[in-house]
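Visitor: I would like to go through this model residue by residue, then step back to the whole chain. Please show it first.

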Amino acid sequence: AESGTAEAETNFYLNARPRLDIPAPETYYAGFDPETYAYLIMMKDIGGHVTFPDERHVTTRAQAENQIDTLARLHSRFYESPELGTGDLPFSRWHIWWKNMMAASPGFAPCCDQAFGESEHIMPPRLFRRRDEVWPKTMQSAANHAALPQTLIHSDVHLKNWFLLPDDRMGLHDWQLTTIGHWSRDLIYTITTALTVENRRAWDRDLITLYLEKMAERGVPKIAFDEALTHCRQQLMTALAFWTITLRPAPEMTDMQPERTTWEFLRRFYAAIDDLDALDAFA
C-alpha cells in the first residue's frame, strides 16, 4: 500500500500507455480499488512471440540502441508536461516516492549497507574504501530529482523488465514503479544492467549521445553531453540501492530475484560506479 505500485501500474495502462509509441504490453482492462488496494490488469498475451532476457543474455549493440530509442520515446512524450502530477498523469514524484519508501522501511538503509559490505569481493577496492560515502550520496541522488526537468520514468528498467521482439526491438514491462522524475535514472540504469561490463565500457558514451540526439529529434531542448553524463553518474546510486536491497532485503520485504541475477547486476553497478567516478559527481 505504501509503495503505491498497484495504483501506479493501473494508472500507467489507463492514462499513459494509450499515448505512448513504444513496445509495451497492451491491456483489455485495468482497475484499482483505493480502499482495498486490490487491482486487476488483463493484458494481451505476448508470451508466444517475445523473449524475456535475464542477466545471461548478451545484449547486442543493435538491441542496446533500440533500448535507447524506446527510452527516448517514453521520456520525450511527457517531457516537462503540465499534465505531470495532475489527474491526467497521476503519478508520484520520484524524490517523494523515495522519501516515502524510506519512511515506510526503516531497515532499508542498513540492509543496503550490509549488502555492500558483503559484496566487497566483486567490487574495485577503491570503491569499498569509500563505503561511508555511498548512502549519503544515494540520498542526494534521489533528492536531486526535485530540481531537474521532469518527465514520466519507468524507474526500474533492469534487463529483466525488458522483452525482445522478433525484429530485435526492445520493449518494457512491469510498470509498477512508474513515477515522475529525471530521465537520467532510466538511462544509466538501463545501460548498466543490460550490458556486460566490457560492452558498457565500450558503448556507454555512444549510447548517451544517441539518446540525446533522439530526445532532440522529438522536440526536447538540447542537452549537453557533459551535463547528461553528470546526471547519469549521480543516478547510479539509487539504482545500485535497488540491488543491494535485493541481495539483503529489509525485514518487511520478500526475496525478489534469484541470487545469480542480483550478484551479476551488483557486479555491473560496482564497475560502473568506479569507472564513472560516480561518488565524485556530486557538487
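Visitor: Is S155 buried or exposed?
Guide: This is a predicted model, and in it S155 lies in the loop between β3 (151-153) and β4 (162-164). A residue counts as buried under 20% relative accessible area. S155 has a relative accessibility of 0%, so S155 is buried.

Visitor: What is the phi of S155?
Guide: S155 is a residue other than glycine, yet its phi is positive. The value is near 85°.

Visitor: Which class of accessibility does D277 fall into?
Guide: D277 belongs to the segment after α10 (259-275), and its phi is also positive, near 50°. Between the cut-offs of 20% for buried and 50% for exposed, a residue is partly exposed. The relative accessibility of D277 is 32%, so the class is partly exposed.

Visitor: Which residues is S184 in contact with, leaving aside neighbours within four places in sequence?
Guide: S184 sits in helix α7 (residues 183-194). With a relative accessible area of 0%, S184 is buried. Once the neighbours within four places are set aside, its contacts are H231, C232 and Q235.

Visitor: In which sense do β1 and β2 pair, and over how many bridges?
Guide: Strand β1 covers residues 27-32 and strand β2 covers residues 39-43. T27 stands opposite M43 in β2, while F32 stands opposite Y39 in β2. The pairing is antiparallel, over five bridges.

Visitor: Which residue in the turn between β1 and β2 has a positive phi?
Guide: The two strands form a hairpin, with six residues between them. In that turn a phi of about 65° belongs to Y37.

Visitor: Which residues does I41 touch, not counting those up to four places away in sequence?
Guide: I41 is in strand β2. At 18% relative accessibility it is under the 20% cut-off, so I41 counts as buried. Beyond four places in sequence, I41 touches E9, T10, Y13, T27, Y29 and A30.

Visitor: How many Å apart in space are I41 and L212?
Guide: In sequence, I41 and L212 are 171 residues apart. Taken C-alpha to C-alpha, the distance is 33 Å.

Visitor: Now the whole chain. What is its radius of gyration, and how does that stand against the globule rule?
Guide: The protein chain has 10 helices and six strands. For 283 residues the globule rule gives 19 Å, and the chain comes close to that, so it is as compact as a globular protein of that length. Along the principal axes, the C-alpha atoms fill a box of roughly 50 × 40 × 40 Å. The radius of gyration is 18 Å.

Visitor: What share of the contacts with a separation of 6 or more joins residues 24 or more positions apart?
Guide: Of the 283 residues, 56% count as buried. Among contacts with a separation of 6 or more, the share from residues 24 or more positions apart is 77%.

Visitor: How far apart are the centres of the positive and negative side chains?
Guide: The accessible surface is about 12200 Å², and 51% of it belongs to carbon and sulfur atoms. The chain has 28 positive and 40 negative side chains. The distance between the centres of the two sets is 4 Å.

Terms used
Residues numbered from 1 in each chain as written. Predicted model: local features only at pLDDT ≥ 70, side-chain atom pairs only at ≥ 80, totals over all residues. Heavy atoms only, no water. Helix = DSSP H or I, 4+ residues; strand = E, 2+ residues; numbered from the N terminus. Rg over C-alpha atoms; globule rule 2.2 N^0.38 Å. Buried < 20%, exposed > 50% of the residue type's maximum accessible area, 1.4 Å probe, protein only. Contact = heavy atoms within 4.5 Å. Areas by Shrake-Rupley, 256 points an atom, 1.4 Å probe, with all protein chains shown as cover. Lys, Arg positive; Asp, Glu negative; His and termini not counted. Charge placed at Lys NZ, Arg CZ, Asp CG, Glu CD. Pairing = 2+ DSSP bridges.
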